[in-house]
Amino acid sequence: RPTDLDVDASGRIYVASWKDGQYKYKGENIGFLALLTPKGASAAAAPDVRKQSDTTLLELLAGPSAVERMAAQWEIVRRAERSDFRKELEAIAAGTASLSARVAAIFTLKRAYGEAANPLLAELAKDASIREWALRALTDRKGQLANVPAEPILAALSDPNPRVRAQAAVSLGRLGRAAYADKLVPLTIDDDPVVAHLAVKAIVS
């Protein structure tokens with residue numbers, strides 16, 4: 001009776017089970033945790049991000065492991081006050097790395113550098129392959145909206161991708177500029193019901 005699972009940076013899978021669990025108290029010995037590894041596999045030790053160089057952190061952020069990528073993100077944010085990662089993160093976000101790496105770079109930039117990241121994010125919003133996440137990052141922090149340009153968000157309202165239209169509606173709502181509310185009206189009858197719902201919510205906000 002599995003209830004949840006997680007994977008660590010070495011590729012081991014942990015599964016929580018609710019075996020013998022009931023809606024009434026049955027004692028202490030309910031459920032268990034299982035550790036799953038392929039037969040004969042030896043898990044590589046996960047890197048300690050606190051001990052890695054700035055270059056290695058960027059490699060981990062662009063690497064295939066989601067666990068290592070997240071750990072690298074937080075360590076980059078922690079070091080951002082004394083190390084400038086902007087050019088490297090911008091290169092990953094705008095480059096040819098995996099989508100996961102590019103998205104991680106976008107949100108690391110925003111978290112570490114706040115409003116200073118907005119010009120690049122507005123530029124990335126022109127790129128169809130990453131537009132959805134660039135728009136989200138642009139309006140992700142409500143205390144950093146004053147200088148966010150509305151143009152890339154308004155342009156995305158007519159994007160052929162419904163996920164982009166949905167994010168554009170949310171971003172415009174978060175921007176809170178009532179002068180643009182009329183731009184959302186066409187989306188209230190969008191073919192995608194999620195987009196239509198979010199457009200109405202954005203107009204209300």
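Me: Where does "exposed" begin on the relative accessibility scale?
Reply: Exposed means over 50% relative accessible area, and buried means under 20%. This is a predicted model. Take Pro2: its relative accessibility is 64%, so Pro2 counts as exposed.

Me: Where is Pro2 placed?
Reply: Pro2 sits in strand 1 (residues 2-7).

Me: Which residues is Pro2 in contact with, leaving aside neighbours within four places in sequence?
Reply: Val15, Ala16 and Ser17. As for Leu33, 31 residues apart from Pro2 along the chain, the two C-alpha atoms are separated by 9.3 Å.

Me: How many aromatic pairs does a search of the whole structure find?
Reply: The search finds 1. Trp18 pairs with Tyr23, at 6.0 Å centre to centre. Planes over 60 degrees apart count as edge-to-face. Here the angle between the planes is 70°, and the pair is edge-to-face.

Me: Are Trp18 and Tyr23 buried, partly exposed or exposed?
Reply: Trp18 has 31% relative accessibility, so Trp18 counts as partly exposed. Tyr23 has 83%, so Tyr23 counts as exposed.

Me: Now helix packing. At what angle do the axes of helix 4 and helix 6 cross?
Reply: Angles under 35 degrees count as roughly parallel. The axes of helix 4 (residues 99-113) and helix 6 (residues 131-138) cross at roughly 15° and come within 10 Å. Helix 4 and helix 6 are therefore roughly parallel to each other. Their crossing is right-handed.

Me: Which residues make the contact?
Reply: Helix 4 supplies Leu99, Val103, Ile106, Phe107 and Lys110. Helix 6 supplies Trp133, Ala134, Arg136, Ala137 and Leu138. In this contact of helix 4 with helix 6, 8 residues are nonpolar, none are polar and 2 are charged.

Key. Residues numbered from 1 in each chain as written. Predicted model: local features only at pLDDT ≥ 70, side-chain atom pairs only at ≥ 80, totals over all residues. Heavy atoms only, no water. Phe/Tyr/Trp six-rings, centres within 6.5 Å; stacked < 30°, edge-to-face > 60°. Buried < 20%, exposed > 50% of the residue type's maximum accessible area, 1.4 Å probe, protein only. Axes fitted to C-alpha atoms, helices over the stretch in contact; angles between N-to-C directions. Helix = DSSP H or I, 4+ residues; strand = E, 2+ residues; numbered from the N terminus. Parallel < 35°, antiparallel > 145°, perpendicular 65-115°, else oblique. Left-handed = near helix turned anticlockwise from the far one by under 90°. Contact = heavy atoms within 4.5 Å. Nonpolar A, V, L, I, M, F, W, Y, C, P; charged D, E, K, R; others polar.
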